[in-house]
Structure formats: C-alpha cells, structure tokens
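Please keep the structure open as you read.

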Amino acid sequence: MNVVVITGGSDGIGAEMARQLAGRHGAQLALVLAGRSQQKLDAVAAQCRTHGAQVLCVAMDVAQEAQCRSLVDQALQQFGRIDTLVNNAGISAQALFEEVGADDLHWYEDLMRVNLWGAVWCTHAALPHLKASRGRIVAVSSLAGLVGVPGRTAYSATKSP
Ligand SMILES: NC(=O)c1ccc[n+]([C@@H]2O[C@H](COP(=O)([O-])OP(=O)(O)OC[C@H]3O[C@@H](n4cnc5c(N)ncnc54)[C@H](OP(=O)(O)O)[C@@H]3O)[C@@H](O)[C@H]2O)c1
C-alpha cells in the first residue's frame with residue numbers, strides 16, 4: 001500500500017493531484033487528505049474512492065502546529081506508514097510592501113504560518129516515518145518563490161525554496 005498525505009487536498013492543485021493519483025494507482029493507494037473544509041474534503045474523497053483508493057479525510061489547519069502533528073498521527077494510526085508527504089496547502093497574497101500599514105502587517109505572519117510553518121511542522125512530524133519507508137517529501141513552491149516580485153513580497157518570501 002502506497003500512503004500519500006496531501007495538505008490542501010480539498011481544492012485546487014491538491015485535490016486534482018489526489019484525483020489523478022487515485023485514477024492511476026486505484027486500490028494500491030491510500031490517501032490522507034487534509035484541509036479546513038470537511039465538506040470539500042469529503043467531496044474529493046468520494047471522487048477518489050470511485051477508483052478504489054482508500055481515503056482518510058482530516059479537517060485541520062496547517063497554521064496550528066498541534067494540528068499538523070495530529071495529522072501525521074492520524075495517518076499512521078489509519079494506515080501504519082507514510083510514503084509521501086505533499087506540502088501543498090497554501091494561500092496567495094498581493095500587496096506592495098510600502099503600502100501595507102503597520103496595523104495590517106500581521107497578515108505577513110499569518111501567511112508565513114500557512115505557507116512556511118505548515119510545511120515545516122508537517123515535515124518535522126512525518127520525517128522519521130518517511131525515513132522508515134524511504135519515502136519522499138514534495139514541496140509545492142512557486143515561480144514567485146524563485147524570482148522576487150514587487151507586489152508579492154510576502155508570498156515570495158513564504159515560497160522561497
Ligand atoms: N494556482 C497557482 O497558479 C499556483 C502557482 C504556484 C504555486 N501554487 C501553490 O500551489 C498550492 C495550491 O494552490 P491552489 O492554487 O491549488 O490553491 P487553492 O485552490 O486555493 O487551494 C488551496 C488548498 O490549500 C488549503 N488550505 C489553505 N489554507 C489552509 C490552512 N490554513 N490549513 C489547511 N489547508 C489550507 C485549502 O483548503 P481549505 O480551504 O479547505 O483549508 C485548499 O485545499 C499553494 O501552495 C500555492 O501557493 C499555486
């Protein structure tokens with residue numbers, strides 16, 4: 001059984017990744033889909049199960065360290081191993097740094113907690129289990145992380161590889 005944990009598996013790229021993996025690997029695949037919306041997770045899980053994949057949905061917020069650690073615990077409890085961790089959960093943001101007021105700067109921190117710290121906490125919790133399975137970590141970055149973009153200072157910083 002190939003166990004793949006996808007953060008941000010409820011929508012967008014993460015959900016499409018889950019559907020394509022399920023379509024390709026079917027009953028050989030166990031997916032752990034994480035995101036805040038239980039409803040969206042359930043909808044993606046139903047699509048993946050039609051291909052024979054097993055799916056565990058975990059409603060959680062990657063901006064909370066304890067919830068990242070709990071995600072990994074739940075994946076292990078359900079499937080006994082983790083082969084791949086896909087750190088995909090992320091949010092976008094656009095603003096010129098000089099135009100952000102001091103009272104609004106807190107969203108830079110919020111963005112960091114989701115795009116950077118969410119990946120750090122999930123990776124730290126999963127690392128011993130990924131080493132045990134000789135598994136892999138997938139980081140979903142962005143061109144904006146490779147090349148700084150003036151209107152995307154916060155996002156570029158959170159996506160820098
Ligand atoms: N779309 C692009 O053009 C593009 C380009 C380069 C890189 N990326 C990167 O690709 C990744 C996915 O982007 P996307 O375009 O697919 O975005 P999206 O459609 O908005 O999906 C984002 C996913 O992340 C989840 N998410 C957001 N905040 C979360 C949180 N605090 N805790 C847990 N899950 C959270 C969302 O689920 P819930 O809402 O259910 O929590 C959703 O499943 C991101 O890391 C993004 O930076 C996207």
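Arg 69 is partly exposed, with a relative accessible area of 27%; here buried means under 20% relative accessible area, exposed over 50%, and partly exposed in between, with a 1.4 Å probe and protein chains only. The model is a predicted one, in which local features need pLDDT of at least 70 and side-chain atom pairs count only at pLDDT 80 or more, while totals for chains, interfaces and linings use all residues. Residues are numbered from 1 along each chain as its sequence is written, and side-chain values use heavy atoms, with hydrogens and water left out.

What does Arg 69 form with Glu 65? The two form a salt bridge, with the closest N and O atoms 3.1 Å apart. The term stands for a side-chain nitrogen of Lys or Arg within 4 Å of a carboxyl oxygen of Asp or Glu. Both residues lie in helix 3 (residues 65-79), four residues apart, about one turn of the helix. Helices (H or I, at least four residues) and strands (E, at least two) are DSSP runs, numbered from the N terminus. Glu 65 is partly exposed as well, with a relative accessible area of 34%.

## Other salt bridges

How many salt bridges does the structure hold? There are four. One of them joins the side chains of Glu 16 and Arg 19, at 3.1 Å from N to O. Helix 1 (residues 12-25) contains both Glu 16 and Arg 19, three residues apart, about one turn of the helix. Glu 16 is partly exposed at a relative accessible area of 33%, and Arg 19 is also partly exposed, at 27%.

Another pair is Asp 83 and Arg 81, whose closest N and O atoms are 2.5 Å apart in their salt bridge. Is each of these two residues buried or partly exposed? Asp 83 is buried, with a relative accessible area of 9%, whereas Arg 81 counts as partly exposed at 36%.

Ser 133 sits in the loop between helix 4 and strand 5 (136-139), and it is buried at 17% relative accessibility. Its side chain reaches the backbone oxygen of Leu 130 at 3.3 Å. Not counting residues up to four places away in sequence, Ser 133 touches Arg 81, Ile 82 and Asp 83, where contact means heavy atoms within 4.5 Å. Arg 81 and Asp 83 are the salt-bridge partners described above.

His 51 belongs to the loop between helix 2 (38-49) and strand 3 (54-59) and is partly exposed, at 44% relative accessibility. Leaving aside neighbours within four places in sequence, His 51 is in contact with Arg 19, Ala 22, Gly 23, Gly 26 and Ala 27. His 51 and Arg 19 are 32 residues apart in sequence, and their C-alpha atoms are 8.7 Å apart in space. Gln 64 is in the loop between strand 3 and helix 3, and is partly exposed with a relative accessible area of 34%. Gln 64 and Trp 121 are 57 residues apart along the chain, with their C-alpha atoms separated by 8.6 Å.

## Cysteines

How many disulfides are there? The count comes to zero, a disulfide being a pair of cysteine sulfur atoms within 2.5 Å. Cys 68 has its closest cysteine sulfur in Cys 122, at 3.6 Å, so the two are too far apart for a bond. Cys 68 is buried, with a relative accessible area of 0%.

For Cys 57, the closest cysteine sulfur belongs to Cys 48, and at 8.6 Å this one is also too far for a bond. Cys 57 is buried too, with a relative accessible area of 17%.

## A nonpolar surface patch

Which residues make the nonpolar surface patch of about 240 Å²? They are Leu 116, Trp 117 and Val 120. Patches are made of residues with over 30% relative accessible area and no salt bridge; like charges are joined within 9 Å and nonpolar side chains (Val, Leu, Ile, Met, Phe, Trp, Tyr) within 5 Å. Accessible areas come from the Shrake-Rupley method with a 1.4 Å probe, and for residues only the protein chains shown count as cover.

Val 120 is found in helix 4 (residues 106-132). Val 120 counts as partly exposed, at 36% relative accessibility.

Technical notes:
A polar contact is a pair of N or O atoms within 3.5 Å; within protein, one must be able to donate a hydrogen and the other to accept it, and residues adjacent in sequence count only if both atoms are side-chain atoms.
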